[in-house]
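Please open the model in your viewer and keep a selection panel at hand. The stops below go from one group of side chains to the next.

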Amino acid sequence: MGRQASPPLTIGDRYTDLPGHFYLESIPVRRIILFPLLAACAALTVPLRSQEIAMQNSPGTSAPQASVARLPMWMRDSAAKLERELVAKYGEPQRPRVQRGLHQIAEFWRDEDGGAPVYEAFVRSNFAGDQAALDTTFNRYERLLEQLDGHMHEINREFRQQMDLDLGPVLPFDEVFGGYDPSAHVIDDFFQNKLAFTVLLNFPLTTLDERLENGAAWSRRQWAEVRLAERFSKRIPADVNLGIAQAGAAAEQYISEYNIWMHHLLDSRGQRLFPPKMRLLSHWNLRDEIKADYADAQNGPAKQHMIQQVMERIITQTIPEAVINNPNVDWNPYTNEVKPAAVKDSDSVPPAGNVTSTREPDTRYAMWLKTFVASSKADPYSPTAPTLIARRFDEDREIPEARVKAMLEQVLTSPLARQVAKLIESRLGRPLEPFDMWYNGFRPGSKYTEAQLDEIVAKKYPTPEAYQKDIPNLLMKLGFSPERAQRIANNIVVDPARGSGHAMGAEMRSEKAHLRTRVEKSGMNYKGFNIAVHEMGHNVEQTFSLNDVDHTLLKGVPNTAFTEALAFVFQGHDLELLGLPAPDTKSEAEKTLNDFWTTYEIAGVALVDMAAWHWMYDHPQATPKQLNEATVQISKDIWNRYYAPVFHKNDVVLLGIYSHMIDYVLYLPDYPIGHLIAFQIEERMKKAGNIGSEFERMAKMGDVTPDLWMENATGKPVGPEALLTATQRALSQVTQ
Ligand SMILES: [Zn+2]
């Protein structure tokens, strides 16, 4: 289940999807914790342990937080009175629950919620003092929140329809409908009408440490209660949320217009290496051009060197401001000389005035700092995850930062990196260059050309309806029983996509999952089929993890990486679904090596992202220029530690180029973790043989912590071993 607005997770070269699978992404909360409050809370029981332990293990204890001192005097008096009263009424065994509930409410109660009479009346009438009352409260909330989530999502899906489906022109108001989020104020509303306080009074907020340590022993109902309470674990003021959204939008806007006009790059002899009109967005298109240039035997290396030089100028902000998104100037990125364009390859009219080579004034880092300042304003309202770093790791990912770091380092220091690098060097016939971290020469071979595959697919699927009709058959080929296959197929609606395709699951059981796929007039092509199979994997996961999970409060999977991994399992069998032979061992090995190299690259990028956030928290008054210098230094340090021994070059800054650092803050660690998770699941599927039953067993686990989910799925917590083992095996297979 997505917990934050996320860009698509792209793993390797495989296609992905997803314009917002889940409406819940727009709810800024979910997942987390709370605590320190009134002292003396030693008796808290399952699933909460003692308050002291919660405080010790929580990353939140050093930051601003609600405390006894902040509580108004009347609330302390009222709480003491209510505790005596409720314990007298419901019995001594209820004392820990009473104390916990009162603490949790006090953390979020504001003056506008009412004074002592309102507070006391609320607690008296809403505390569920026996099991029957608690069951009723739990069941009713579960049912009604499913309805809320489901219908909000339904509105969202309908409002986006014109934008998402192939239904003719999109009018300006369609985009407004598409961008409207009916759930944006739900959390605020639930605090205002006190439905949130009823949850906080009766169900436990937990820390990540508690969930990791005790979660395996919890019943499913306890897990569902934990997820219920988490929805209301933060009450961030509207103006703070607005500031975060504005800073994010400004950063996104900045990144989305950061184009380099490639025909206007000049080498030392004044030559233009790139074709007219080529406009590349940093960093994605620049990186992809480096990949594509491996195919250009003549100019490829010179182009790749030049792109690396451009990237370094962006990172260090020595890029002339005038060359950004401007086809009216020519630029030598080595000497940094800028002059009016000698050729014209756009309709853009040159602005009046002189062309200068004045550098971009650290705007990249100013944007980043603004997102830091805006998001850190939420810190005081998130007591035990009081930094964005803690919120991303403890809440969104639910894998502690230290563990993520250790897993990434395990990949980065693996001796396999050197071995794979040697293989790349032998294929390239030269020593590695820094830009070879984007080497793309590991490719599965195919017996069929794309044209042959297109023909096979077009014949089989001339229309979306033809694909829809074949879904039960496809699922049976993947090992689902006829009954299961039919039941799942009945829950999937196939729609014609405007883009390349995506999957949109439901949020309540009475709704269906939607598979959006692209079918040309001449019929479906192979690329479309490959994507459709991936999206179908999402739909099947969505069906099991909503309709067959035992509590709808546990619907979904731990995070995006899990649903992607399950979708990749389907996608990896697309040839067999067409009745063709599966990829051979060598092809599989090439794919594995590609995944390893991609993980190796992005793991370092993620470490740069993480280190930069720590630096910002350590230097909250920093200027953009200082953040620039710090990021450059961090990039060099991480390069020197993990990559220099493999590339034999020092002080490379390239790891700092990723645009997501600026516009989707602290999202990058999800990429390498996603690779690790995908490998674990795929390896397990291979061992099990029957995809159908394994898939169902895994997907029904629902939204628990990643480690617990993975233990249930594979017997081991999340980790890099599956990827490293597969890489070792692949190396021996391709070098035989
Ligand atoms: Zn996907």
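Select Arg516 and Asp495 to begin: in this predicted model the two form a salt bridge whose closest N and O atoms are 2.7 Å apart. The pair links distant parts of the chain, with Arg516 in strand β7 (residues 513-517) and Asp495 in strand β5 (residues 492-496), 21 residues apart. Both Arg516 and Asp495 are buried.

Move on to Lys649 and Glu433, where a salt bridge has its closest N and O atoms 3.5 Å apart. Because Lys649 lies in the loop between α25 (624-647) and α26 (660-663), and Glu433 in the loop between α17 (416-428) and α18 (450-460), this pair ties together parts that are 216 residues apart in sequence. Lys649 counts as partly exposed, at 33% relative accessibility, whereas Glu433 is buried, at 17%.

Then display helix α5 (residues 131-164) and pick out Asp164 and Arg160, which are four residues apart and therefore separated by about one helical turn. Their salt bridge brings the closest N and O atoms to 3.0 Å, and both residues are buried.

Which residues make the nonpolar surface patch of about 290 Å²? Select Leu171, Phe173 and Phe177 to see the patch. Phe173 lies in helix α6 (residues 172-179), and its relative accessibility of 47% is why Phe173 counts as partly exposed.

How values were computed: Residues numbered from 1 in each chain as written. Predicted model: local features only at pLDDT ≥ 70, side-chain atom pairs only at ≥ 80, totals over all residues. Heavy atoms only, no water. Patch = residues over 30% accessible without salt bridge, like charges linked within 9 Å, V, L, I, M, F, W, Y side chains within 5 Å. Areas by Shrake-Rupley, 256 points an atom, 1.4 Å probe, with all protein chains shown as cover. Salt bridge = Lys/Arg side-chain N within 4 Å of Asp/Glu carboxyl O. Helix = DSSP H or I, 4+ residues; strand = E, 2+ residues; numbered from the N terminus. Buried < 20%, exposed > 50% of the residue type's maximum accessible area, 1.4 Å probe, protein only.
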